[in-house]
Amino acid sequence: MISLDVIWWIVFARLANHGIARILISIFMVAMMAGLIWVIAARMYRGNWDRLIPKFAVSAIFIWHFIGLGLLSLIALALLPILLGQKIMRIARNPPSTITRSVEAPDWSRREFLRFAGAFLPPVFTFSLTGVAMAQLNHIRIRRFVLPISELPKELDGTTIAQVSDMHVGRFTNGKVLQKMVAVVNEMRADLVLLTGDLINDALADLETGLELTRALEARFGLAIIEGNHDLIENPAEFERRVRASGIPFLLDESTIINIRGFPLQLLGLSWTRTQGEGRDAAITASVRKLLTQRRAEAFPILMAHHPHAFDAAADAGLPLTLSGHTHGGQLMLNEKLGFGPAMFRYWSGLYQRGPSKLIVSNGVGNWFPLRINAPAEIIHITLQRA
């Protein structure tokens, strides 16, 4: 990213054939590079220095480096052959000895304006999207599902679940939006409150805040939490130790029984599968199968799995309901079918069904990346219904 920053700094500085424009684009590029180095250093040395940077500025740094640089580079790769072809054709038509420079004022004036305006594309693009992102960060919707389940015991008919996923307490998700989340969940008066991973964004310094928020959530019959990949970024063992010590029901490849109106409901919590690459799905499947050896025949089971691909093994085993998160609804989606969601996951947002088995994938409450497009933050409300 730093290398691309330098390359595009040179490109836009040459493009901006005006002293003021070159100064402004240089300020922008230096600020973006310095900000990125600051954030990386804070993460590497666990200093949380990035909290000293205003949220707007950190959002701009993320948006420029994760979206702006990529788009510019793709456009450049697409246009480079065309521009080279035009250059070659121009030279072929006008050999160097016959090429003359245009000195007509109107043509040069128009070209100069376009170059001047083009040099400002990076900051205009970045700060426009950052403004959109900042407006979204405090918004959460409630998404409701009524799930007919043929084998649901009559005692559990009408059972309600509040699913809270991907809080990402930390850099972009803090303050009022988290207080709002607690208030909304508590107003639901749900029978169960289930947290499906990524309580914190990455820093253990935010864990106590996340645990306090979890303790503030109210459920009639029970609450449980599982881990997600972001929880384990800084120190997996320390995260797991501190959550266990909190007294909050924490399911690490474990299960618990909750009695609802006299009938046992079994929550099965899958830990995060740390296998990377092509073997991840196979490792998730193996973990689910191992966890299901704890399944109690007399209880109604619900699988809590941060990664939604656990649903395949759950459906093979005939589990009626799986709750997941992790995908953020695709984060950046052109529409319901096009975007990062379907490009990266088989299941990325909402309700999926295979035979009698159902999966709910939550878009999540919080953010590791400040901008969402067609993937709004949400709290899930589920009502189980006897079909």
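**A tour of the sheet and its helices**

Start by selecting glutamine 163, which stands opposite isoleucine 380 in β11. This is a predicted model.

Now widen the selection to β2 (residues 160-164) and β11 (residues 378-386). These strands pair in the antiparallel sense, over 4 bridges. Next, show the whole sheet. It is open, has 5 strands and mixed pairing, and runs in the order β1-β11-β2-β3-β4. Color its edge strands, β1 (141-149) and β4 (222-226); each pairs on one side only. From one strand to the next, the twist averages 20 degrees.

Move to α7 (residues 207-216) and α8 (residues 236-245). Their axes come within 11 Å and cross at roughly 35 degrees. The crossing of α7 past α8 is right-handed. Show side chains here: Leu207, Glu208 and Leu211 of α7 meet Phe239, Arg242 and Val243 of α8. The residues of this contact comprise 4 nonpolar, 2 charged and no polar.

Finish at α2, residues 19-44. How far apart are its end C-alpha atoms? They are 37 Å apart, which agrees with the 38 Å that 26 residues should span at 1.5 Å a residue. Now select the buried residues of α2, among them Ala21, Ile25, Phe28, Met29, Met32, Met33, Leu36 and Val39. An α-helix has 3.6 residues a turn, so residues three or four places apart point the same way. Last, click arginine 46, which follows α2 and has a positive phi, near 55 degrees.

Conventions:
Residues are numbered from 1 along each chain as its sequence is written. This is a predicted model: local features need pLDDT of at least 70, side-chain atom pairs count only at pLDDT 80 or more; totals for chains, interfaces and linings use all residues. Side-chain values use heavy atoms; hydrogens and water are left out. Axes are lines fitted to C-alpha atoms, for helices over the stretch in contact, and angles run from 0 to 180 degrees between N-to-C directions. Helices (H or I, at least four residues) and strands (E, at least two) are DSSP runs, numbered from the N terminus. A crossing is left-handed if the near helix is turned anticlockwise from the far one by less than a right angle, and right-handed if clockwise. Contact means heavy atoms within 4.5 Å. Ala, Val, Leu, Ile, Met, Phe, Trp, Tyr, Cys and Pro count as nonpolar, Asp, Glu, Lys and Arg as charged, and the others, Gly among them, as polar. The expected span of a helix is 1.5 Å times one less than its number of residues. Buried means under 20% relative accessible area, exposed over 50%, partly exposed in between (1.4 Å probe, protein chains only). Two strands pair if DSSP finds at least two bridges between them.
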